[in-house]
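Please walk through this structure step by step.

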Amino acid sequence: MEGIIRILRRFVATTIFISIFLLIFNFVLLGTLVFTENYQHPSPEGMIKQVAQGLEKQDDSFQLDEQATELLKQNHAWAMLLGDKGHVRWDYHLPNDVPKSYNLVDVAKFSRYYLMDYPVYTSEHTDGLMVVGYPKESHWKYQLDFLPDWISSLPLRIVLLLLCNLALALLISIVIGTRLIRKIRPLVDGVHNLAREQAIQLDAKGIFGDLAQSINSASAILQRKTAALQDRDEARSNWIAGISHDIRTPLSLVLGYASEMEDHSDLPEEQRHQAGIIRRQGEKLRSLVSDLNLVSMLEYEMQPLHLKHIRLSVLARQVVTEFLNNGLDDRYDIELKLADEAVQIHGDEKLLLRAISNLVQNSVRHNSQGCKIIIEASLSKDRSQYLFIVRDNGRGIPQEQLAEITELYFSTRRKRPIEQGHGLGLPMVARIAKAHHGRLVLASGVDQRGLTAVMEFPVQ
Amino acid sequence: MENLKDKKILIVDDEPEIRTMIERFLRKEGFFRIYTAADCASALSICRTGKPDFAILDVMLPDGDGFSLLSSIRQFSETPILFLSARGEDEDRLLGLGLGADDYIVKPFLPRELVLRLMAILKRVYSSPMVERLSAFRLGEQSIDLDSAVVHRNQKELPLTAKEHAILVKLYENQNRIVTSDALCQAVWGDDSYGYENTLMVHIRRVREKIELDPSKPIHLLTVRGLGYKLLVKEIR
């Protein structure tokens, strides 16, 4: 909607600009094209002045100088000088049909309009009235009369005229614009919905018909592909869920009977020990199955998140406390450096606990010689991210494996065999971070020793 | 307590081997009135006729799911029910518990875990309605009675305030284990208790004045720096 209003605004502005430009352009054209023909050189007024000046009285006769004669000749004009009594005292090429004598009424008449259809112009001369006539129909003479009021209000009228023009242009542009917009709007909505991956069916009639058709088919293709992709992801996830479900029943029997045998006092010590191994391996398999299920649900974005406001520092203390309460060996030293404790992130408590726990467990499991584990939490410098860092000074991970260690081990991108653990720990952390719109960054510690795992979460 | 073993238990699972195994474990524990069913229909008829005192239900059954079976049973019986499911998703767990199941165990399970949870539910539901008493315990020279919220020391009675009592109960429930200050704050002030850490320290000091001989050198209520507190209780057998 906003986009459409923006288009309309631009359209109207452009139209008004074009109208104003056209108006100015027309004024310029009026000056250069229309009125230039009239603007002959010299103008009748200019010429008559020159002729009047060029006529000199010598004794009893008059003499016109060369320049004025030439001017008259060029314009095919004639001239005469009327004396005080209305008689022609001097003339130049006076046509035959022009009278030689005039009374006051005649003079008043032709001084305004025509003399025998000749357009004439008059001027004062020391010896009378100078009259210059042009060939018939070569000039049209109009008399303009103006009232002073009219002249003084002329600027206002011109402004009013311009305003009327502007209003008309605005009206027309809005009408045309809205008509156009009404046709474009479904298309715009369609494209927006296309971006939101909604199904769209536009009316393929009208001037934008082919465009609407293209959008329709793009939507259809997109829907088909999304559906296919979803089907495939769902199939994969369901497959893993199905497998883990099918493993659970036999595993129940294995675990159940193995632990029964382990506790059976009639059995020899060795058999009970072996049953214990079966039970422990079964439990390992159990955690592998549920982790695999969780990771695949996260991978295909099918894990439901129970979001609430959480302070990660609380979870950090909880995880460390659990490790200590469950008898963490003295070889491991855990230090907490928690800052900005008030900051909350929007997250799933269980998953975040699992992620932190995995990172600590990872440091413990891969450093049987013991190590120092530092857990840090603080806001990033620009305060847009909350950083949760688990750092150890243990053996670390070779640089070339860092990039691929968060890939699932059945992915083609991760080829190296896993040394310890089932290799789902870090991939799970990476996916949990991703599910929270954050990410996991792994790096080697100082001197390529130890591992630094940074989880970044956006702060709301 | 012995009469709990007289209770009638119904096991519903479509896997015969699982049924056999659970029945075996329960018999070993001393239960002897055990019914089994492989589907919803037979489970329902046993519920109507045999009136079991406890039911262990699988979620996926050949003629329906355990959730609808639970709803059907609930229409005429308040029998406690424990789900034993191969589906570990949180949704299923919440759905089951929300429908009124008493517990939810995900397969694979350890027999001991199943028996413990079953016993816990039986105790809660069928034991004589005795008022659950909070424990009294000894800490060195002092004896602490959580039920009446009093510390006995040198023939003197030192009453505990409500907050001190709540702190001690939480610590005693997790005796010899670290309890984070967050968990303590939550136990005392409820959810959204951020910012009470300093107040908690004040209360801990008052508790120490009552239970420690030398409150500045505590030997029972220890501070675990950066994490929380730990109540050391030596079991006297």
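**A cavity and a helix**

The largest cavity is lined by A:L359, A:N362, A:S363, A:V390, A:D392, A:L426, A:L451 and A:A453. A cavity here is a set of points, on a 1 Å grid over the protein atoms alone, where a 1.4 Å probe fits but cannot get out; lining residues have an atom within 4 Å of a point. This is a predicted model: local features need pLDDT of at least 70, side-chain atom pairs count only at pLDDT 80 or more, and totals for chains, interfaces and linings use all residues. Residues are numbered from 1 along each chain as its sequence is written, chains are lettered from A and ligands numbered from 1 in the order written, and side-chain values use heavy atoms, without hydrogens and water.

The volume of the largest cavity is about 40 Å³. A search of the whole structure finds one cavity of 30 Å³ or more. Volume means the space filled by probe spheres set on the points, which are joined across faces, edges and corners.

Which elements each supply at least two lining residues? They are α9 (349-365), β12 (385-392) and β14 (451-458) of chain A. Helices (H or I, at least four residues) and strands (E, at least two) are DSSP runs, numbered from the N terminus. The largest share, three residues, comes from α9(A).

Now turn to α6 (residues 209-263) of chain A, a helix of 55 residues. From first C-alpha to last, α6(A) reaches 79 Å, close to the 81 Å expected at 1.5 Å a residue (1.5 Å times one less than its number of residues). α6(A) bends by about 30° at A:T249, the angle between axes fitted to the seven residues ending there and the seven starting there. A proline, A:P250, follows within four residues.

How values were computed. 1 Å grid on protein atoms, 1.4 Å probe; cavity = no way out; pocket = protein on both sides within 12 Å on 5 of 7 lines; lining within 4 Å.
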